[in-house]
Amino acid sequence: MKRRTLAIFIFILILFFSSNTSADINLNLSIRNHLVVLEDRDGQFPEDQKANYYQELFDFYENNDYKPVWLEEDGFSIEFEKLLKEIEASYYEGLNPEDYHLEFIQDYIAKNDIFAEENTNKRAVIDIYLSDAYFSLATDYLSGKLDPEVILEDGDFSRNRIDNSEIFEGLKSENITVNLQSKLPESDYYQRLKHKLYIYRDSGEVEQWPEVDSGSLLAQGAEGIRVSQLSDNLINRGYLSEENIDDKYYFGSQLNAAVKEFQFNHGLSDDGIVGPQTLEALNIPYEKRIKQIMINMERWRWLPKDLGERYIYVNISDYSLNVYEDNNIIMNMKTIVGNEQRSTPVFSDEIRYLVFNPYWYVPKSIAVEDILPSVKNDIDYLDENNYKIFAYNNNNTLRKIDASEIEWENIDEDNFNFLVRQEPGDENALGRVKFMFPNRFNVYLHDTPSKYLFDETERGFSSGCIRIEKPIELALYLLKDQEEWDRETLEEIMKEDNEKTIYLDETIPIYLQYNTAWVDNFGNLNFRKDIYNRDKILIEHYFEN
């Protein structure tokens with residue numbers, strides 16, 4: 001406080017001895033005084049407004065001698081109009097212009113003769129709130145409206161945080177529009193979602209769709225009121241043209257094709273049969289789908305603008321992994337992700353090394369919840385699944401022990417002080433290779449002996465780690481510049497049961513993300529089931545005001 005008081009005193013002296021006009025001095029003093037009030041009232045002044053960045057505003061104006069940013073001698077600067085237009089345009093970014101004082105600014109200017117000589121204080125207020133609007137909008141464009149680390153528990157977004165200092169420098173920009181637009185995500189996926197938001201919400205091309213009543217399965221050849229509801233549902237979404245069907249009450253070939261396309265775009269089995277899962281997707285309301293588009297645009301704002309020249313992108317809710325080079329998909333595969341109780345977290349990191357023929361050190365929670373009951377039922381379970389038991393010595397080292405010597409009936413979660421390790425082999429839960437990017441969640445990619453599970457549509461079967469469909473192909477891709485590790489060599493290594501670690505000469509970024517809405521390369525809007533209820537939490541916070 002003493003530092004700030006001294007700075008203000010020096011500032012007053014500078015003003016007194018400067019060549020500024022009296023009006024300039026009064027405006028600068030008024031800006032300074034209003035900032036002091038804002039700081040004392042935690043940003044709440046006037047009473048119906050909250051300056052989101054009042055502390056940053058004080059520092060910014062202080063460093064610029066409290067000069068106005070948006071005002072000139074006889075009017076607003078040219079950047080003022082550009083800022084207002086950009087605030088209005090934030091609506092099309094899935095944001096709310098009222099979060100940036102739009103109505104307050106417009107009303108305040110309309111009701112007050114801002115540039116009348118006696119209205120110095122009103123000029124100070126409007127300049128401060130225009131700056132706060134800029135700070136707020138630029139921050140939301142650059143890093144999102146919400147702080148995901150505050151509202152989401154199962155994730156780590158610290159690697160994606162952005163230094164806001166560049167935002168404050170932007171106020172000195174010669175073109176506010178260009179400056180603000182440059183802070184939005186550059187990804188094609190973001191821009192495609194933005195376009196689909198316009199199509200769904202604003203264009204009139206998509207309309208509210210009716211619910212389809214519950215009942216028996218609907219398939220080609222069916223007739224009745226529920227078929228009519230299905231037809232109208234898909235017509236209003238744009239999957240079906242009313243002119244192309246002769247009878248909305250009959251499930252013909254055109255409706256069958258539309259149902260299959262809808263199913264494919266919603267990650268469902270595209271068999272053309274309207275069963276419980278397809279019916280559930282059809283009956284998600286229009287308003288919720290729009291919100292889903294908007295929160296998935298927000299997810300892109302949480303990511304770095306530049307994901308890298310090449311990277312791996314796992315979409316948890318789509319059970320998929322894509323490898324990108326120069327923003328093009330060069331490899332894709334199915335994944336198996338965590339179940340609802342052991343969900344796969346959202347975070348970003350870099351793959352650093354691969355482990356072939358890995359041991360699986362079973363996490364205690366899995367050992368207690370899954371393995372212990374099986375051992376109590378049949379001690380041979382351990383040998384049959386190639387598990388070894390270790391106990392901790394006093395110096396925290398491990399010693400192998402004979403499982404038959406343990407009184408398993410007396411073991412529970414509280415006294416389970418063992419380490420369970422599965423040996424390398426064809427039945428190892430991690431398969432023949434794992435891809436390591438060390439993290440606090442102990443999550444990684446790995447092979448699996450349970451290949452048949454990739455045939456399922458919904459694949460939430462793991463305990464948090466990600467099982468991948470094509471482990472050898474991914475390993476060969478990551479090692480392609482390390483010539484000693486060709487397919488033949490890797491296959492020979494995997495025939496053995498000896499663990500081997502290979503470090504990558506060049507690490508590769510990996511993004512584990514949760515996208516429940518996106519637009520594919522064919523322009524189709526895809527939705528996926530909110531398997532962990534993360535959309536629900538995000539929607540509650542995003543639209544709480």
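Let me begin with a single spot in the structure: the charged end of Arg289 sits over the ring of Phe527, 4.3 Å from its centre, where a charge counts as sitting over a ring if NZ of Lys or CZ of Arg is within 6 Å of the ring centre and within 35 degrees of the ring normal. What we are looking at is a predicted model, in which local features need pLDDT of at least 70 and side-chain atom pairs count only at pLDDT 80 or more, while totals for chains, interfaces and linings use all residues. Residues are numbered from 1 along each chain as its sequence is written, and side-chain values use heavy atoms, with hydrogens and water left out.

Staying with Phe527, this residue is buried, at a relative accessible area of 2%, and here buried means under 20% relative accessible area, exposed over 50%, and partly exposed in between, with a 1.4 Å probe and protein chains only. One of the residues in contact with Phe527 is Asn265, contact meaning heavy atoms within 4.5 Å. Asn265 belongs to helix 12, residues 253–265; helices (H or I, at least four residues) and strands (E, at least two) are DSSP runs, numbered from the N terminus. With 3% relative accessibility, Asn265 is buried as well, and its side chain makes a polar contact of 3.2 Å with the side chain of Tyr239. By polar contact I mean a pair of N or O atoms within 3.5 Å; within protein, one must be able to donate a hydrogen and the other to accept it, and residues adjacent in sequence count only if both atoms are side-chain atoms.

Now to the aromatic rings. How many aromatic pairs does a search of the whole structure find? The search finds 28, with rings of Phe, Tyr and Trp (its six-membered ring) pairing if their centres lie within 6.5 Å, and planes under 30 degrees apart counting as stacked, over 60 as edge-to-face and the rest as tilted. Tyr189 is buried at 15%, and Tyr324 is buried at 4%. Another edge-to-face pair joins Tyr200 and Phe527, at 6.5 Å centre to centre and 65° between the planes; here Tyr200 is in helix 10 and Phe527 in strand 18 (residues 525–527), 327 residues apart. Tyr189 and Tyr324 also belong to one aromatic cluster, together with Trp300, Tyr311, Tyr313 and Tyr511.

Let me turn to the annotated region. The UniProt record, an unreviewed entry, places the feature "domain: L,D-TPase catalytic" at residues 310–494; its positions are given in the numbering used here, feature names are shortened, and annotations may be inferred rather than shown by experiment. Over residues 310–494 the chain is 18% helix and 35% strand.

Finally, strand 11, residues 418–422: is this strand enclosed or open? Five of its five residues are buried, so strand 11 is largely enclosed by the rest of the structure. Phe418, Val420 and Gln422 point one way, and Leu419 and Arg421 the other way. Strand 8 (residues 360–362) pairs with strand 11 in the antiparallel sense over three bridges, two strands being paired if DSSP finds at least two bridges between them. Strand 9 (residues 387–392) also runs antiparallel to strand 11, joined by five bridges, and Ala391 stands opposite Phe418.

How values were computed
Lists of a residue's contacts leave out its neighbours within four places in sequence.
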